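Subject: Structure for your files, with notes

Hello,

Here is the structure you asked about, with the sequence. My notes follow it.

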Amino acid sequence: MGVTPLATQVQDYRSRWPAESRTASLFLALLRTGGAAMAADPFRRDRLEGHFTASAWLVDRGGTRTLLTHHRKLGLWLQPGGHADGDRDLARAALREAGEETGLAGLQVLPSIFDLDRHRIPEYAGVPAHWHYDVRYVVRAAEDEDFVVGEESHALAWRGIADVAADASADPSVRRMAGKWLAVRD
């Protein structure tokens, strides 16, 4: 059983969230820019015009809380995630990032895209400002919810998803995901 190509996943996402069709089109356009040269590969961070990242909407077993990280570089409470680093299976990359950033074992990723977010990353440590095309997947925690704060975070915290959705100070994309989760939660 192979990985569903990202273009197919994005098209499926667009059919489920038609109001986000413009965003999905931006992701499909980036997919078409990929070339043989490593610098042109949209799955690698050295493509400074913009590149894919993968994130995890990490929920507890009961589906009522999400684990957020206080991002060290950005100073915001966000979902775990990071660069694909050449991995074209972004669900796998999201699962890897969630495990690395939280220390949680036994995580499971759902294969369809949960959210798409294109956002500008400011210049940092000599890397110019650039676009992240963040593909987000639902990742479910196992029974053990004891996390470990890693180097990329100031802190981690389990937050009630309804509380995140209602928090006007939360990052807008995190609030959007909380609202989506409350609307479609199984």
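What percentage of the 186 residues of the protein count as buried? The figure is 42%. Please keep in mind that this is a predicted model, and that the values below are computed from it.

Overall layout

The protein has five helices and seven strands. Read from the N terminus, its elements follow the order α-α-β-β-β-β-α-β-β-β-α-α. The C-alpha trace spans about 45 × 40 × 35 Å along the principal axes. As for contacts between residues at least 6 apart in sequence, 66% of them join residues at least 24 apart.

One buried tryptophan

Trp57 is a residue of strand E1. With a relative accessibility of 0%, Trp57 counts as buried. Leaving aside residues up to four places away in sequence, Trp57 touches Thr66, Phe114, Tyr137, Val138, Val139, Ile161, Val174, Met177, Ala178 and Trp181.

The largest pocket

The largest pocket holds about 880 Å³ of space. Its lining consists of 39 residues, and those nearest the centre are His71, Leu74, His83, Ile121 and His132. By class, 15 of the lining residues are charged, 13 are polar and eleven are nonpolar. Which elements each supply at least two residues of that lining? They are strands E1 (51-59), E2 (65-71), E4 (81-83), E5 (108-121) and E6 (130-140), together with helices H3 (90-102) and H5 (172-184).

Salt bridges

Side chains of opposite charge can pair when their charged atoms come close. In this model the count comes to 19 salt bridges. Three of them are described here.

- Arg16 and Asp12: their closest N and O atoms are 3.1 Å apart. Both residues belong to helix H1 (residues 6-16), and because they are four residues apart there, about one helical turn separates them. Arg16 is partly exposed at 37% relative accessibility, and Asp12 is partly exposed at 35%.

- Asp117 and Arg176: these side chains meet in a salt bridge with an N to O distance of 3.0 Å. Asp117 is in strand E5 and Arg176 is in helix H5, so the pair ties together parts that are 59 residues apart in sequence. Asp117 is buried, with a relative accessible area of 12%, whereas Arg176 is partly exposed at 28%.

- Arg136 and Asp134: the closest N and O atoms of this salt bridge are 2.7 Å apart. Arg136 is buried at 2% relative accessibility, and Asp134 is buried with a relative accessible area of 2%.

Regards

Conventions: Residues are numbered from 1 along each chain as its sequence is written. This is a predicted model: local features need pLDDT of at least 70, side-chain atom pairs count only at pLDDT 80 or more; totals for chains, interfaces and linings use all residues. Side-chain values use heavy atoms; hydrogens and water are left out. On a 1 Å grid over the protein atoms alone, a cavity is a set of points where a 1.4 Å probe fits but cannot get out, and a pocket is an open set with protein on both sides within 12 Å along at least five of seven lines; lining residues have an atom within 4 Å of a point. Grid points are joined across faces, edges and corners, and a volume is the space filled by probe spheres set on the points. Ala, Val, Leu, Ile, Met, Phe, Trp, Tyr, Cys and Pro count as nonpolar, Asp, Glu, Lys and Arg as charged, and the others, Gly among them, as polar. A salt bridge is a side-chain nitrogen of Lys or Arg within 4 Å of a carboxyl oxygen of Asp or Glu. Buried means under 20% relative accessible area, exposed over 50%, partly exposed in between (1.4 Å probe, protein chains only). Contact means heavy atoms within 4.5 Å.
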